[in-house]
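The following report describes selected features of a protein model in running text.

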Amino acid sequence: MTSLAAASAAVPNEAMLADVRAGLAREQKELSPKYFYDRAGSQLFEEITTLPEYYLTRTERRLLGRTMPGLASRLRPATLVELGAGAADKTRVILDAMRDAGSAALYVPVDVSASFLHDAAARLRDAYPGLGVTPVVADFTEPMRFPPAMPRPVLFAFLGSTIGNFDERASVELLSRVRDAMRPNDRLLLGADLVKDVARIELAYNDARGVTAAFNRNVLHMLNRELGADFDPARFAHRAFFNRDASRIEMHLVSLGEQRVCVPGVGLVPFRDGETIRTEISCKYDRAAVARLFAAAELRIDEWLVDVEEPYALAVGVVDA
């Protein structure tokens, strides 16, 4: 899971319809995780980040707290650009370090959930007087336009192991777009969940309270609302498991019985009993895997910072000249 915030209202229905049509026509039916994040989905995800099973958010926050003061002092970033900002809770750790280093000038949160994004921006303006806050409503899986003349250096942050929601090709494309916006003194701060005990990983996506299950099914509510589909979310079960061959969690919605779902613009979509829609992947890494992604995007690892209590890394990337 990720703060890949994606409000359906911010995505043109024609683009959504094309995505859904293509995804449901595949042998392994799938939906993009960016459609999880309407307002209800964003709120459910924020709840997930507080669950005892979901180690990623608190581990990354702890690691940021340990490392950001030193990083901000060395790098002195004037602008923070955060992809998939969501509620921007962990952002405060970075902004505090930048402020203490005397370099904080501008914060640019990038998210496709307009209402969630602007709410977070308003809170940060109140919390950091004098800091410029310029939200960018955009789908960061597509080409992005950043504000002109951003104070440099820029720290581009892509946290939450959101990179894990993309396969290798898509990850390299995304990192390449960031690299194209970087100058030699800029840095990329990438959060990456590391391979660890499989039971520990799977538990994070199968919480006892069923919040993740509700989050997973919420995509069907969103498709009903935005596309006029007639999914019955109660007839789909949540399933999340670790695919060892691909080194990733896969999240699926499992059809409970045979059924047909009408999606206007797509038609009747048949489901066999037990057939699934894959709604998300979450890749798990080691340093070599991250280095390969960086190299393919013409970046290199400048620093590798690891939380040893709960294996998780922050990779600081620089343009590979």
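Strand β12 is mostly covered, with 8 of its 8 residues buried; buried means under 20% relative accessible area, exposed over 50%, and partly exposed in between, with a 1.4 Å probe and protein chains only. The model is predicted, and local features need pLDDT of at least 70, side-chain atom pairs count only at pLDDT 80 or more, and totals for chains, interfaces and linings use all residues. Residues are numbered from 1 along each chain as its sequence is written, and side-chain values use heavy atoms, with hydrogens and water left out. Helices (H or I, at least four residues) and strands (E, at least two) are DSSP runs, numbered from the N terminus.

**The sheet**

Strand β12 belongs to an open sheet of 4 strands, arranged in the order β1-β12-β9-β8 with mixed pairing. Two strands pair if DSSP finds at least two bridges between them. Strands of a sheet pair through backbone hydrogen bonds, either parallel or antiparallel.

How many bridges join β1 to β12? There are 2 bridges, and the two strands run parallel. Within this part of the sheet, Glu30 stands opposite Arg278 in β12.

On pairing with β9 (residues 248-255), β12 (residues 276-283) adopts the antiparallel sense, over 7 bridges. Met251 lies opposite Glu280 of β12, Arg248 lies opposite Cys283, and Glu250 has Ile281 as its bridge partner.

Strand β9 is likewise mostly covered, with 8 of its 8 residues buried. Arg248, Glu250, His252 and Val254 point one way from β9, while Ile249, Met251, Leu253 and Ser255 point the other way, and all are buried. Strand β9 is also joined to β8, by 8 bridges in an antiparallel arrangement; here Ala237 has Val254 as its bridge partner in β9. Strands β8 and β9 form a hairpin with 4 residues between them.

**Helix packing**

Two packed helices are described by the angle between their axes and the distance between the axes. Helix α1 (residues 13-25) packs against helix α8 (residues 211-227) at an angle of about 130°, and their axes are 11 Å apart. That angle makes α1 oblique to α8. Axes are lines fitted to C-alpha atoms, for helices over the stretch in contact, and angles run from 0 to 180 degrees between N-to-C directions. Angles under 35 degrees count as roughly parallel, over 145 as roughly antiparallel, 65 to 115 as roughly perpendicular and the rest as oblique.

The crossing of α1 and α8 is left-handed, a term used if the near helix is turned anticlockwise from the far one by less than a right angle, with right-handed for clockwise. Asn13, Met16, Leu17 and Val20 of α1 make the contact with Met222, Leu223, Glu226 and Leu227 of α8, where contact means heavy atoms within 4.5 Å. By class, this contact of α1 with α8 has 6 nonpolar, 1 polar and 1 charged residues. Ala, Val, Leu, Ile, Met, Phe, Trp, Tyr, Cys and Pro count as nonpolar, Asp, Glu, Lys and Arg as charged, and the others, Gly among them, as polar.

Helix α8 is also among the elements that cover the buried residues of α2, as is α5 (114-127). The buried residues of α2 are Gly41, Ser42, Leu44, Phe45, Glu46 and Ile48. Which residues does Ser42 contact, leaving aside its neighbours within four places in sequence? They are Tyr37, Ser113 and Phe116. Ser42 is located in helix α2 (residues 39-48) and is buried, with a relative accessible area of 2%.

**Backbone geometry**

Most residues other than glycine have a negative phi, and most peptide bonds are trans.

| Residue | Phi | Loop |
|---|---|---|
| Arg76 | about 50° | between α3 (55-75) and β2 (79-83) |
| Ser247 | about 55° | between β8 and β9 |

Arg76 is partly exposed, with a relative accessible area of 41%, and Ser247 lies in the turn of the hairpin of β8 and β9.

A cis peptide bond joins Arg152 and Pro153, with omega of about -5°. Pro153 is placed in the loop between β5 (136-137) and β6 (154-158).
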